[in-house]
Amino acid sequence: MVKTLLKEVKEYKWASIITPICMIGEVICEIVIPKLMGRIVDDGVYGNNLGIIYQIGIRMIIIAILGLIAGLGGAYFGAKASTGLAKNLRKKMYDNIQTFSFANIDKFSTSGLVTRLTTDVTNIQNAYMMTLRMAMRAPASLIIALIAAFSINAKIALIYVAAVVFLGGFLMFIMNRATKYFKQVFEKYDELNESVQENVSAIRVVKAYVREDYENDKFKKAALNIYNMFVKAEMNLVYMSPVMTVTVNACVLLISWVGAHMIVGGELSTGDLLALLAYCMKILMNLMMLGMVFVMLTMAQASGERISEVIEEKASITNKPDAITTVPDGSISFENVSFAYTADSEEPVLKEINLEIKSGETIGIIGGTGSAKSSLVNLISRLYDVTDGAVKVGGIDVRDYDMETLRDQVSVVLQKNVLFSGSIYENLRWGDKNATDEECKRACDMACASEFIEKMPDGYNTVIEQGGSNVSGGQRQRLCIARALLKKPKILILDDSTSAVDTATDAKIRKAFAEEIPGTTKLIIAQRISSVQGCDRIIVMDDGKVNGFGTHDELLASNEIYREVYESQTGVSGDADFDQLA
Ligand SMILES: Nc1ncnc2c1ncn2[C@@H]1O[C@H](COP(=O)(O)OP(=O)(O)OP(=O)(O)O)[C@@H](O)[C@H]1O
Ligand SMILES: [Mg+2]
């Protein structure tokens, strides 16, 4: 995991190296100053020598300035390296997510991916900065200060060693306990994020069902959970400060006492004692700093794992090395196709499918909810790969095509279609970025979208809000059809794409297709028999299997499911679809 993350440091390698060097520079300056201070007292004050006081004083100022520069450098390069790493991590994840197939996306939830791109990266950024600045500085400072202390007086330095061992043990104990709680806090954060993301993005549904109170309660609970966990974790840390203070003060007391005896005995100078007291604070503070770095690193560990999972995820659908870049025609065949969404699912969603569709045919697909109509057509543009058998387009296995070529020629209007924020023109040009205004308008004519677009105040320049919230469901469907048409595909698939369009418009769209794009193979999934009645042939899906395949008349005569649905929708059995009566 660490390797995966560190690989993204890239161009910020130098900043990452300079930061600890600056920090060590700062430490050295900090350590030298108490020593000089001691000399001012011993040689200057006690020696009554103003010259030395000035001389050493100037040296102290210079060293303090150097220390300041080193400190600033450390902060600057540390920030540069850590934010740079965060930027690279986000980019790497985002790039990889773009290669994901539908199957990969099913594995991570959308909200999970968003959390990984935001909160988790921020955690790593903070941990990296802390590590660069403190992980070297704290131990370096600790060791150099100890060496300096030993060089002044070994006996007193031993007091430090005792204090370091005691505090070190205590910190380890506290950190261990605190980390356990902090880890739990982050798990709870996930829950909170999920709840926020789900409810904010579905706020309209929440309001429609008057579920605000329920959602508020749920949110309050999640927030309270985090509060409780944080308090528990922080409760462990509250002991840190008082124990630190007591230890430092005890040390100061002990050093003063032992030191005073030594000064009287002539073993130690006053200046040295002053320097030793200054080191006391430094050593113990650094120990605490080191403890904090450890806490941060353990907290970041979970985030790091979640990020590397995304970076290391291999796209389940990729191009073959010598992929084919032309689609000969729009014929489709399914040969013994079985398909399951996950490898460990008990029963496949599609079973033993065999179909032959000729180029230019118009095929209707009908069947109950969950009968795997969408699953069937999603295999054609290779949104998922078959588990068994083969799907062929133009006589060639879809897995042998270059993916871009295939998806340019197989245009799908997904059942869960979306528009993006931007003008209508911009949205349409997702289909073909070089389409002229005229071409866009023609596509909209065919999809019966131009009639409402022209009524809008800004026409084709009207801005669509995020998720297409400012157009109606039927309008959105028509825009999505127009967008798919602009690709000028050899195969056009409409997955329940006219469900929100009135019957008359639906018929107009089908008529336009028949007249304007006769060569394109068209697959139309629909719930209404009237939408597929006029197709060349119709597939009846039932529980993942093809139950019937033929013309309207053939199916009416031979297929029980088709006849039942037809009768219920045309009102023969009295259970009419109002669309039909209109
Ligand atoms: N992404 C997915 N992951 C796992 N299972 C899925 C997924 N999508 C669909 N399924 C399952 O596959 C089966 C067939 O679903 P599919 O969406 O193909 O049905 P459908 O015929 O298109 O239904 P509808 O008419 O409601 O659109 C269902 O049982 C569903 O639970
Ligand atoms: Mg469907």
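Started at ligand 1: one of its oxygen atoms sits 3.2 Å from a backbone N or O atom of Ser371. I'm working on a predicted model here, so I keep in mind that local features need pLDDT of at least 70.

Next I checked Ala372, where a backbone N or O atom comes to 3.0 Å from a ligand 1 oxygen. I also found a side-chain contact: an N or O atom in the side chain of Gln527 is 3.4 Å from an oxygen atom of ligand 1. Then I looked up how much of the ligand is covered. Taken alone, ligand 1 exposes 630 Å², and the protein buries 62% of that.

I got 14 residues surrounding ligand 1, with Thr369, Lys373, Ser374, Ser375 and Gln415 as the closest. Which helix gives the most to this shell? I noted H11, residues 373-378, which supplies three residues. Sorting the shell by class, I wrote down eight polar residues, four nonpolar and two charged.

**Second largest pocket**

I moved on to the second largest pocket and read off about 410 Å³ of space. What lines it? I listed Ser201 and Arg204, then the run Asn417, Val418, Leu419, Phe420 and Ser421, and finally Gln466, Gly467, Ser469 and Arg476. By class, I have six polar, three nonpolar and two charged residues in that lining.

**Strands**

I looked at the open sheet next. I count four strands in the order E2-E1-E4-E5, with antiparallel pairing. Which strands are at the edges? I found E2 (350-357) and E5 (396-397) there, each pairing on one side only. Within this sheet I followed E1 (residues 332-339), which is joined to E2 by five bridges and runs antiparallel to it. For a specific spot on E2, I noted that Leu350 stands opposite Phe339.

Last stop was the hairpin made by E11 and E12, which has two residues between its strands. I have E11 at residues 537-542 and E12 at residues 545-550, paired in the antiparallel sense over five bridges. One bridge I looked up pairs Val540 with Gly548 in E12.

How values were computed:
Residues numbered from 1 in each chain as written. Chains lettered and ligands numbered in written order. Predicted model: local features only at pLDDT ≥ 70, side-chain atom pairs only at ≥ 80, totals over all residues. Heavy atoms only, no water. Near = heavy atom within 4 Å. Polar contact = N/O pair within 3.5 Å; in protein donor to acceptor, adjacent residues only side chain to side chain. Areas by Shrake-Rupley, 256 points an atom, 1.4 Å probe, with all protein chains shown as cover. Nonpolar A, V, L, I, M, F, W, Y, C, P; charged D, E, K, R; others polar. 1 Å grid on protein atoms, 1.4 Å probe; cavity = no way out; pocket = protein on both sides within 12 Å on 5 of 7 lines; lining within 4 Å. Points joined across faces, edges and corners; volume = space filled by probe spheres on them. Pairing = 2+ DSSP bridges.
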